[in-house]
Structure formats: structure tokens, C-alpha cells
Amino acid sequence: MPQQLGIIVLVDTANALAERTLSGNTYWFDNAKLYGSRNQGTENLVTAIHGSYWRDGSQAAEQVLNWLPYSLGSLPPSVPRGYVAERSQCSDEEVLTELESIANGSSAPEAAELERLRKALGKRANAHGRGSRGQKVLDVTGHVVTEVGSEAHSYPPPTITDVFGQAVDEKVIYPAEYGSPDLVTGGWYWAASVDTSRPGTYTYEMRIQLHDLVQRDGEILWEPVNFTCRSSLKITTEPKRNAFTKAGMGYLPIPSLPSQPSTAPAAPAAPAATTEPTASQH
């Protein structure tokens, strides 16, 4: 079975949108540091990939890469994608409960109270090009944003829209987008298989789409903005290490079993060898 390697692309979305570039606003990590990956936590990550081979030198299995884009300063990535919709619904229910209480009261509601409830409903942002109303805007703690433009808000997760460049052109990696029932990743993710039989350092580029919150013609929109960034792979023929067996490197890193004491009965001693007299002794 191919080995799975995760690569996290952490984007400082607010700064990237403000500066209109991903340069200096991305932080890359992978789980191959002990294999020799370099520049962890920077935008110059070089992912180390060791090959897997049989005794005759033929390739045993390819490596699989999984890219996971996250936004710095937004809702935690562990929050399911349906969290924003659930918080929007809860906010509506809370305001409706308060309105019902006011309607059943004996006195007329004050204007300030109604204005507070209007703000508590929050603001909804539509996706660019969609006519239907979208979800509410939340901050990083999950609270509804009442004043867009003056309050900090959480950004939608970055979206990978393409992987291309040298490693793809030379058919070293084969990227594609896949579907998954995982609610945390939203059901879609980018992965690629790597031809580990071709040692060398290869670059690849990634197109990432961010969303900027804008107000236009009285409407609040999540406007898509496309960026590109670059990373590298270093493929070697070094054998993989197995950290669980601690058996070190080898074709099959399974520790040798300790010698077991023998329980079989001892064999009888062989009779002493007799020496036949030689001709000179006669």
C-alpha cells in the first residue's frame, strides 16, 4: 500500500489579501522531517521523499501526497464545514426568541432594543456570482459579526484549484482532486502519487483561491482572489525508516525475534569414536 504524506499549507489570508500576494504569507509543513525535509514552517519547504524498493532494485510502492490548506487567523481547521451554517441558525433562533418575548410583553418595545436585535441578526455574505443569500459572517470565536468593516471576521478556508509546474510536466507527480466523506475537509481534497523511481529535486506550483469580504452596491460579497505559490520535492533512493519497530533501515524493518530456550529432551551422548589400529601398529 502506498505511504501517505501530509503537507499543510497555512495561509495568512488577511495579509495575503491586503498585499495581493502569497509571498511571505504562507507557511508550509509536512510530516517527513525525520526523512530530511527542510525549511519547515517557511514558504521554502523542500519535502523529502524516500523510495521503497524490493531486493532486486525495482520500485515497491509509490508515495502519495495529501495537501491540506488552512487559513491563519480563522476558525480552527478542526471545526466542521457545517459549523457556520449551524451558528447562523442558532443566531436566528436566539433573536426570534427575544422578539417573541418582546411581543408578549405589556409595554411597547423601545427603539434601542429593536436596533440591538437588528444588529444581533448579523450580516450575511453572498458568494460571488450567486443570487441567493449566503451564510452569516463570524469572527474567529464563532460569534456573529454585526458590523462588517469595523469588526474582525473569519475567512473561508483557502481552496486549491490547481497543481502544476515542473514535477507535473515531467510526470513525476500525478495530482488530482478527490472526494471524501470527511466533514472537516469539506469532502474535497487534492492528492498526488509520486514516481519515486526518479531521484532528484523538482518544483511544483499551486494555485490557491482566497475570498475577500467586500461591500458593493449595498451587498456583502465573498469575492474570489486567485494566487500562486511554489514548493519543492526531493526524491531519493534512501530506504524508508519504520519508527514503530525501531529496527532501523533495511528491506523489511521487522525486528528479529529473541532466541527461545529449547524444550526438547536432550539427545543421548554419542559413543566415543574408536581409533582403528594402523598397519604400522600391527
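1. Contact here means heavy atoms within 4.5 Å. By that criterion, and leaving aside neighbours within four places in sequence, asparagine 66 is in contact with Gln4, Leu5, Gly6, Ile7, Tyr189, Trp190 and Ala191. Asparagine 66 is found in strand S4 (residues 63–71); helices (H or I, at least four residues) and strands (E, at least two) are DSSP runs, numbered from the N terminus. With a relative accessibility of 15%, asparagine 66 counts as buried, where buried means under 20% relative accessible area, exposed over 50%, and partly exposed in between (1.4 Å probe, protein chains only).

2. On provenance: this is a predicted model, in which local features need pLDDT of at least 70 and side-chain atom pairs count only at pLDDT 80 or more, while totals for chains, interfaces and linings use all residues. Residues are numbered from 1 along each chain as its sequence is written, and side-chain values use heavy atoms, with hydrogens and water left out.

3. Five strands form an open sheet with mixed pairing, in the order S2-S1-S4-S9-S8; two strands pair if DSSP finds at least two bridges between them. Strand S2 (26–30) and strand S8 (173–179) are at the edges with a single partner strand each, so one side of each has no neighbour in the sheet. On average, neighbouring strands of this sheet are turned by 25° against each other, direction ignored; the axes are lines fitted to C-alpha atoms, for helices over the stretch in contact, and angles run from 0 to 180 degrees between N-to-C directions.

4. Alanine 176 has alanine 191 in S9 as its bridge partner. In general, the strands of a sheet pair through backbone hydrogen bonds, either parallel or antiparallel.

5. Which residues touch the most other members of the largest nonpolar core? They are Trp28, Trp67, Ile173, Tyr204 and Met206, in a core of 39 residues. A nonpolar core is a set of buried Ala, Val, Leu, Ile, Met, Phe, Trp, Tyr and Cys residues joined through side-chain atoms within 4.5 Å. At least two residues of this core come from each of strand S1 (3–11), helix H1 (13–19), S4, strand S7 (159–164), S9, strand S10 (200–216) and strand S11 (219–236). S11 supplies the largest share, seven residues.

6. Tryptophan 67 has a contact list that includes Trp28, Ile173, Tyr204 and Met206, residues up to four places away in sequence not being counted. Also among its contacts are Ile7, Val9, Ile160, Val163, Pro175, Trp190, Ala191 and Ala192.

7. Strand S3 (residues 46–50) has five of its five residues buried, so the rest of the structure largely encloses it. Val46, Ala48 and His50 point one way from S3, Thr47 and Ile49 point the other way, and all are buried. S3 pairs with S11 in the parallel sense over five bridges, and histidine 50 stands opposite threonine 236 in S11.

8. The whole structure contains six salt bridges, a salt bridge being a side-chain nitrogen of Lys or Arg within 4 Å of a carboxyl oxygen of Asp or Glu. One of them joins lysine 136 to aspartate 92, with the closest N and O atoms 2.7 Å apart. This pair links distant parts of the chain, lysine 136 in strand S6 (residues 135–136) and aspartate 92 in helix H2 (residues 83–103), 44 residues apart. Lysine 136 is buried at 4% relative accessibility, whereas aspartate 92 is partly exposed at 24%. Asp92, Arg124 and Lys136 are linked in a network of salt bridges.

9. Aspartate 162 and arginine 207 form a salt bridge with the closest N and O atoms 3.3 Å apart. Aspartate 162 is in strand S7 and arginine 207 in strand S10, 45 residues apart. Aspartate 162 is partly exposed at 26% relative accessible area, and arginine 207 is partly exposed at 30%.

10. Arginine 230 and glutamate 205 also meet in a salt bridge (3.5 Å, N to O). Arginine 230 lies in S11 and glutamate 205 in S10, so the pair ties together parts 25 residues apart in sequence. Glutamate 205 is partly exposed, at 22% relative accessibility.

11. Not counting residues up to four places away in sequence, histidine 153 touches Val137, Leu138, Asp139, Val145, Leu213 and Trp222. The C-alpha atoms of histidine 153 and glycine 142 are separated by 9.3 Å, the two residues being 11 apart along the chain.
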